[in-house]
2 protein chains.
Amino acid sequence: MLTIKRPAIIVNMTLKMTSVTVDLVLLTIRQDALQVLLIRRGIEPFAGQWALPGGFIHDDEDLDEAAARELREETGLDPSAGHLEQLATYGCPGRDPRGRVVTVAYLALLPDLPSPVAGSDAAQARWWPVGDLRLAFDHDRILADGLERARAKLEYTPLATAFCPAEFTVAELRAVYETVWRTRLDPRNFHRKVTSAENFIEATGHSVTRDRGRPAQLFRRGPATLLHPPLLRP
Amino acid sequence: MLTIKRPAIIVNMTLKMTSVTVDLVLLTIRQDALQVLLIRRGIEPFAGQWALPGGFIHDDEDLDEAAARELREETGLDPSAGHLEQLATYGCPGRDPRGRVVTVAYLALLPDLPSPVAGSDAAQARWWPVGDLRLAFDHDRILADGLERARAKLEYTPLATAFCPAEFTVAELRAVYETVWRTRLDPRNFHRKVTSAENFIEATGHSVTRDRGRPAQLFRRGPATLLHPPLLRP
DNA sequence: ACAAAAGTGTTACCTCTACACCCATGA
DNA sequence: TCATGGGTGTAGAGGTAACACTTTTGT
């Protein structure tokens, strides 16, 4: 039976209890496509359907910690390798048929690492290209909000680098923008803009030949948190 | 005693129950100052201290509905008169000494209406100029996040008009920007920018003399949801 | 008449876009 | 040497900041 340790809260709160979960929109770029990590549900409701990974918050952890823990559990990845931020909270009364569940959604932008989507809960997990997905619960809406947030953030923050490995070329960074925004950008103007924006990216001194053509310089993330001037979507 | 109607959820969820509240950052401009509505707490914890208004979500309402209901309860105001949006969610384990409480914060921008901060829960309520406030719980942090969100949104959305009455002059709109951003803006350039931005504000055809000087045209909000080009903070 | 606020015109500067052009490599 | 991608230069379009100037009121 349910036992409550703090009698003081019974009077005020007993009837207002709610389940709180954290759900993750994990985005990465694989095979030149923006992809999201989904879990195939093994149990009802929505058994067999794909859903965003997530879980209940623990009693002793902050929301950000819960999101970071879920990220580690689902990908085996350290959150510092990419970017993790709170997205929004969803609490429509009917969103979970089992009862009132409020979920705090987080958005993560990750590099395409070889990690094979480690163990998780032995449930099936895989990356899916975004677009035309039908997800469980209200996860379509959460994913759409996450995509829009990601697209908007590339404009005025340096977060595009979160999709890149530690060292990358300007062309690879441009491919991130082109994939997320579904546009083409002028390589010459893009190069000038990102290399002239203060503290966005820093040259490592090395260079590589990725395909054919002249070798490209390698860069790493700079310390900037905002982009001045911003890179606007065409 | 607590009775649970849906046995299915006991196994999974009983130990993960949490209280969920909605807190409001209500901002308005009064007496040429940006002000926030605060409630004086009558009971512990933090009795006697000032806090953001808020309350528990009801079983049958969405989070947005709960925020709109709280807004009506605290101000007697219809949410459509201003602007109401979700801000962020805060769930640090120690933020409420009574137990685990996750709060979904909302941000509202309101015109300075004569409404005398109606009844609420008979608790003391009043507007305070922002800055140098020491609030209960983690409400200092929530207020700071709300202020930053409001300042940022004025740049690239037409939300400054949410602080204005239905009809307003360009000078009054400029005063909103100057108050929220704590800067001075050139009246001539400001006038040109806001009148040339598509669908930002629309002339009503009327004009008024507010103080001395030439009468000013009256405008109302236009249908734009984004500002092109944006009005950047100096 | 004069002060004060509304609103317009002008100029120098800055950023962006489009594209011509050069550079450095693999095949 | 040629194709390919990396990177620089430059001219025109358009937005911005600073400020001179005109318009329209109250006193």
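Colleague: Before we start, how are residues numbered and chains lettered?

Modeller: Residues are numbered from 1 along each chain as its sequence is written, while chains are lettered from A and ligands numbered from 1 in the order in which they are written. This is a predicted model, where local features need pLDDT of at least 70, side-chain atom pairs count only at pLDDT 80 or more, and totals for chains, interfaces and linings use all residues.

Colleague: Which residues come nearest to DNA strand C?

Modeller: A residue is near a strand if its C-beta atom, placed from the backbone, lies within 6 Å of it. Here 26 residues are around DNA strand C, and Arg214(A), Ala171(B), Arg188(B), Gly213(B) and Arg214(B) come nearest.

Colleague: Which element gives the most to that surface near DNA strand C?

Modeller: Elements are DSSP runs numbered from the N terminus: helices (H or I, at least four residues) and strands (E, at least two). H5(B) gives the most to the surface near DNA strand C, with 4 residues.

Colleague: How do the residues of this surface near DNA strand C divide by class?

Modeller: Ala, Val, Leu, Ile, Met, Phe, Trp, Tyr, Cys and Pro count as nonpolar, Asp, Glu, Lys and Arg as charged, and the others, Gly among them, as polar. The surface near DNA strand C has 8 nonpolar, 7 polar and 11 charged residues.

Colleague: And which residues are closest to DNA strand D?

Modeller: DNA strand D is surrounded by 24 residues, and the closest are Ala171(A), Arg188(A), Gly213(A), Arg214(A) and Arg214(B). H5(A) supplies the largest share of the surface near DNA strand D, 4 residues. By class, that surface has 7 nonpolar, 7 polar and 10 charged residues.

Colleague: At roughly what angle do H4(B) and H5(B) cross?

Modeller: Axes are lines fitted to C-alpha atoms, for helices over the stretch in contact, and angles run from 0 to 180 degrees between N-to-C directions. The axes of H4(B) and H5(B) come within 10 Å and cross at roughly 105°. That makes H4(B) roughly perpendicular to H5(B) (65 to 115 degrees).

Colleague: Which residues meet there, between H4(B) and H5(B)?

Modeller: Two residues are in contact if their C-beta atoms, placed from the backbone, lie within 7 Å. Val170(B), Ala171(B), Leu173(B) and Arg174(B) of H4(B) meet Pro187(B), Phe190(B), His191(B) and Val194(B) of H5(B). This contact has 6 nonpolar, 1 polar and 1 charged residues.

Notes
Parallel < 35°, antiparallel > 145°, perpendicular 65-115°, else oblique.
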